[in-house]
Amino acid sequence: QVLVVESGGGLVQPGGSLRLSCVASGLPFSNADMIWYRQAPGKERELVSIITSAGGSTNYADSVKGRFTIFRNDVKNTVYLQMNRLKPEDTAVYYCKANYGLRYGNTVTWGQGIQVTVSS
């Protein structure tokens, strides 16, 4: 019913930029909190950034604050993660999660994940 699909990953040099996109369909997109996570091999999955359904509140992990920006376009059912000044430690699989509220049964759907590699 709910489908979440990420795109935009790849290989980039340190100091470079990437923009990740995540499209969520099946339920009204404007009612979903959208969250980016990442997981490196052998490490726990960590929260990177979140934007609320209203779009008025955003939060970032300390490790990415000032470098990453999350924003959404509800007309396109898409949330973005703009990643600037990338570092090798940003290398991970990045996951997008759509989190709907009580009205939609607290539905949570994960995307498949996309690889981001920061290397010379």
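Me: Arg38: buried or exposed?
Reply: Arg38 is buried, with a relative accessible area of 5% (buried means under 20%, exposed over 50% and partly exposed in between, with a 1.4 Å probe and protein chains only). This is a predicted model, in which local features need pLDDT of at least 70, side-chain atom pairs count only at pLDDT 80 or more, and totals for chains, interfaces and linings use all residues. Residues are numbered from 1 along each chain as its sequence is written, and side-chain values use heavy atoms, with hydrogens and water left out.

Me: Which strand holds Arg38?
Reply: Arg38 belongs to strand β4, residues 32-39. Strands (E, at least two residues) are DSSP runs, numbered from the N terminus.

Me: What does the side chain of Arg38 make a polar contact with?
Reply: One partner is the side chain of Ser63, at 3.3 Å. The side chain of Asp90 is joined to that of Arg38 by a polar contact of 2.9 Å. A polar contact is a pair of N or O atoms within 3.5 Å; within protein, one must be able to donate a hydrogen and the other to accept it, and residues adjacent in sequence count only if both atoms are side-chain atoms.

Me: And what else is Arg38 in contact with?
Reply: Leaving aside neighbours within four places in sequence, the contacts of Arg38 (heavy atoms within 4.5 Å) include Glu44, Glu46, Phe68, Glu89 and Tyr94.

Me: Let us turn to the largest pocket. Which residues line it?
Reply: Arg38 is one of the lining residues, and Gln39, Lys43, Pro88 and Thr91 are among the others. The lining divides into 3 nonpolar, 2 polar and 5 charged residues, where Asp, Glu, Lys and Arg count as charged, Ala, Val, Leu, Ile, Met, Phe, Trp, Tyr, Cys and Pro as nonpolar, and the others, Gly among them, as polar.

Me: How much space lies in the largest pocket?
Reply: About 150 Å³. A pocket is an open set of points on a 1 Å grid over the protein atoms alone, where a 1.4 Å probe fits, with protein on both sides within 12 Å along at least five of seven lines; lining residues have an atom within 4 Å of a point.

Me: Next, the largest nonpolar core. Which residues touch the most other members?
Reply: Among its 31 residues, Met34, Trp36, Val79, Leu81, Met83 and Tyr94 touch the most other members. Strands β3 (18-25), β4, β5 (46-51), β7 (68-73), β8 (78-83), β9 (92-100) and β11 (114-118) each supply at least two residues of this core, and β9 gives the most, with 5. A nonpolar core is a set of buried Ala, Val, Leu, Ile, Met, Phe, Trp, Tyr and Cys residues joined through side-chain atoms within 4.5 Å.

Me: What is Met83 in contact with?
Reply: Beyond neighbours within four places in sequence, Met83 is in contact with residues including Leu18, Leu20, Phe68, Tyr94 and Val116.

Me: Now the backbone. What is phi of Arg85?
Reply: Arg85 has a positive phi of about 50 degrees, although it is not a glycine. Most residues other than glycine have a negative phi. Arg85 sits in the loop between β8 and β9 and is partly exposed, at 48% relative accessibility.

Me: And where is Asn106?
Reply: Asn106 lies in the loop between β9 and β10 (108-110). Its phi is positive too, near 50 degrees, and Asn106 counts as partly exposed at 43% relative accessibility.

Me: Last one, Thr78: buried or exposed?
Reply: Thr78, in strand β8, is buried, with a relative accessible area of 5%. A polar atom of its side chain lies 2.8 Å from the backbone oxygen of Lys76.

Methods: Points joined across faces, edges and corners; volume = space filled by probe spheres on them. Helix = DSSP H or I, 4+ residues; strand = E, 2+ residues; numbered from the N terminus.
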